[in-house]
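Hi everyone, thanks for coming.

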Amino acid sequence: MSPYSWALRWDILLVIVALAAAYYWTQRRWPSDTTRRAAFDLALILLVVVYVTPLHTIAVHYLLCVHFLQNVVTAEWAPGLVVFAVAPALGREVARFVHPLAALPIWLATYFVWHVPVIYDRALEQHGFLLHLEHFSYFAAGILMWWPVVHGRYSDGIKAAYLFAAFVLASPLGLLLALLPRPVYDFYEQAPQLWGLSDLVDQQIAAITMVVEQAVVFFAVFAFFFMRFLRTEQIAGVFSESSR
């Protein structure tokens, strides 16, 4: 298969269309503002880019680094945008059933389990139900992980600590893969090389990309909530001093 073949699969397109239909159905009762709707549109665009364009072909047939990029979009970027796109009224109702002490471990377990070499290789070799299950579980776990951050009734300090924990606990996976002296995924060792990348360099790029991406995304959102937390504490301190 050419690495530049488009992945026009009906099952992938059906899932993306179903996601869009479900979101716009909720908009009839819980409408979001323009910014949130734009975030959902961006999430759909990202999913189309990594699952319908040649990036999907390269990800599942040639390069680990591109597959890691696909996983990052599926498990972090797209779910975060979708959760943000949900109207706050609906988001707060659902947040009552999503506890951060459950959501974060589920997201971490999903990431680590699917990256076990024997499981990762098997999903790619079958290129069917197991691979779809991997991608679906990434997306679902990502939704759970972001929900308490966006819609949870927790203080900004707790949300900042939650995001810091997510980064600290997830980053060792990428760091480990970057430091290993040999490729760990047999599937990509046997796959045709592309763009002159050796198997080890491909794995190192994949791992570094994961670590850098998580550092940027999680630190950016962490900084947002941490700064809000500091401003809140500062304002509370001013009122406390004035009441004396």
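A quick term before we start: buried means under 20% relative accessible area, exposed means over 50%, and partly exposed lies in between, using a 1.4 Å probe and protein chains only. This is a predicted model, where local features need pLDDT of at least 70, side-chain atom pairs count only at pLDDT 80 or more, and totals for chains, interfaces and linings use all residues. Residues are numbered from 1 along each chain as its sequence is written, and side-chain values use heavy atoms, with hydrogens and water left out.

Now the overall picture. The chain has 11 helices and 0 strands, where helices are DSSP runs (H or I) of at least four residues and strands are E runs of at least two, numbered from the N terminus. Of its 244 residues, 47% are buried.

On to the salt bridges, meaning a side-chain nitrogen of Lys or Arg within 4 Å of a carboxyl oxygen of Asp or Glu. The structure holds 4 of them; let me show you some.

Take E189 and R182, whose closest N and O atoms are 3.7 Å apart. R182 is partly exposed at 47% relative accessibility, and E189 is partly exposed too, at 33%.

Next, R96 pairs with E93 at 3.0 Å. Here R96 is exposed, at 61%, while E93 is partly exposed, at 42%.

Finally, D156 and R228 meet at 2.8 Å, N to O. D156 sits in helix 9 (residues 156-179) and R228 in helix 11 (residues 199-242), so this pair ties together parts 72 residues apart in sequence. D156 is buried, at 13%, whereas R228 is partly exposed, at 30%.
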